[in-house]
Amino acid sequence: MLGIVFALGAMLSWAFGDFFIQRTARVIGIWKSLFFITIVGSLGLLPFVYAEVPVILQTKENLILLGIAIVVSLVAALIDFKALQQGKFAIIEPILGIELPLTVLISVFLLGETLTFGQLCFILLVFLGLISAVTLHRNKLHIHKNIFEKGAWLAVFAAIGMALTNVLFGVTSQQWSPLAAVWFIHTGLALCCIGYLLSTREFTTLWKDLKKYPKMIVSESILDNLAWICFAFATTYIPIAIATTISESYIALGVILGLVVNKEKLKKHQKLGTFVAVSSVILLAAISG
């Protein structure tokens with residue numbers, strides 16, 4: 001049951017966190033936005049994991065796993081941003097949704113996770129519901145026809161990268177501890193961001209950005225770190241495939257928030273997709289808890 005609670009916590013944190021991440025990235029840039037998130041995770045979690053750090057760094061296997069996790073996480077984030085930058089949102093977003101079934105396939109066939117037939121059915125329904133919920137026009141639901149659109153292939157690679165990131169966060173959380181996994185990966189990403197910002201001479205402007213947009217930066221940093229911490233803990237109680245399915249449903253929650261808060265008008269297929277995704281998540285959580 002704890003795994004379900006943590007997965008739902010990740011879902012809620014990402015639903016609200018992405019709102020602030022989007023706004024922050026637009027005003028200060030993606031690298032600075034990523035830096036603030038990761039440096040907060042690195043400094044904030046250090047008091048809780050400092051005793052584990054030297055132990056984990058002692059083995060060659062852990063260093064290799066850590067290096068892979070950092071590189072994959074960074075590359076996936078950059079490709080994801082580039083795909084959205086180049087392509088049309090209505091085309092790219094459904095393709096990025098492939099992240100969910102890819103995570104499930106990797107978890108089952110490479111990690112040997114076992115899922116029941118009922119769980120697999122609800123995971124499929126969640127995936128189909130999310131794709132429908134984020135697609136503005138029904139003719140864009142044919143992902144195989146959109147693969148030649150600008151930025152589409154980048155979105156495919158981004159989905160693969162994000163699926164691998166989910167799995168690597170889960171594996172490192174299971175092998176070390178959830179907090180240590182998040183700390184190591186976010187510290188590595190923070191160092192990469194520092195290197196980039198120093199090379200572009202933007203590092204000195206970070207303090208000015210923080211003073212100008214304190215609420216947005218603090219909000220995105222706390223919520224995104226909370227989401228990854230909850231996700232990491234969830235993977236130690238339930239299969240990575242189920243934790244990912246539940247937490248990824250923050251997309252449907254975002255659609256609902258837009259409907260309720262912003263009075264947005266949804267198409268019939270979007271309403272149906274949201275209903276299918278949310279109800280399937282609830283049923284998946286019920287049979288998995």
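The legends below describe close-up views of a predicted model.

Residues are numbered from 1 along each chain as its sequence is written, and side-chain values use heavy atoms, with hydrogens and water left out. Local features need pLDDT of at least 70, side-chain atom pairs count only at pLDDT 80 or more, and totals for chains, interfaces and linings use all residues.

**View 1. Packing of helix H1 against helix H12.** Helix H1 spans residues 2–28 and helix H12 spans residues 214–234; helices are DSSP runs of H or I with at least four residues, numbered from the N terminus. Axes are lines fitted to C-alpha atoms, for helices over the stretch in contact, and angles run from 0 to 180 degrees between N-to-C directions. H1 and H12 are therefore roughly antiparallel (angles over 145 degrees). The crossing of H1 over H12 is left-handed, a term for a near helix turned anticlockwise from the far one by less than a right angle. By class, 19 nonpolar, six polar and three charged residues make up the contact of H1 with H12. Here Ala, Val, Leu, Ile, Met, Phe, Trp, Tyr, Cys and Pro count as nonpolar, Asp, Glu, Lys and Arg as charged, and the others, Gly among them, as polar.

View 2. Leu2 belongs to helix H1. With 46% relative accessibility, Leu2 counts as partly exposed (buried is under 20% relative accessible area, exposed over 50%, partly exposed in between, with a 1.4 Å probe and protein chains only). The C-alpha atoms of Leu2 and Thr236 are separated by 9.6 Å, although the two residues are 234 apart along the chain.

**View 3. Aromatic pairs.** Rings of Phe, Tyr and Trp (its six-membered ring) pair if their centres lie within 6.5 Å, and planes under 30 degrees apart count as stacked. By this rule there are 11 aromatic pairs. One of them is the stacked pair of Phe6 and Phe233, with 5.1 Å centre to centre and 20 degrees between the planes. Phe6 in helix H1 and Phe233 in helix H12 are 227 residues apart, and the pair links these distant parts of the chain. Phe6 is partly exposed at 23% relative accessibility, and Phe233 is partly exposed with a relative accessible area of 22%. Phe169 and Trp228 are also stacked, at 4.0 Å centre to centre and 20 degrees between the planes. Phe169 lies in helix H9 (residues 152–175) and Trp228 in helix H12, so this pair ties together parts 59 residues apart in sequence. Phe169 and Trp228 are both buried. Ring pairs join Trp14, Phe169, Trp228 and Phe231 into a cluster.

**View 4. Ser177 and its contact with Glu52.** Ser177 sits in the loop between H9 and helix H10 (178–199). Its relative accessible area is 15%, so Ser177 is buried. The side chains of Ser177 and Glu52 are joined by a polar contact of 3.0 Å; such a contact is a pair of N or O atoms within 3.5 Å, and within protein one must be able to donate a hydrogen and the other to accept it, while residues adjacent in sequence count only if both atoms are side-chain atoms.

**View 5. Helices H7 and H15.** The axes of helix H7 (residues 117–134) and helix H15 (residues 268–288) come within 7 Å and cross at roughly 155 degrees. H7 and H15 are therefore roughly antiparallel to each other. H7 passes H15 in a left-handed crossing.

**View 6. Helix H13.** Nine of the nine residues of helix H13 (residues 240–248) are buried, so H13 is largely enclosed by the rest of the structure. Among them are Ile240, Thr244 and Glu248.

Methods:
Helix = DSSP H or I, 4+ residues; strand = E, 2+ residues; numbered from the N terminus. Parallel < 35°, antiparallel > 145°, perpendicular 65-115°, else oblique. Phe/Tyr/Trp six-rings, centres within 6.5 Å; stacked < 30°, edge-to-face > 60°.
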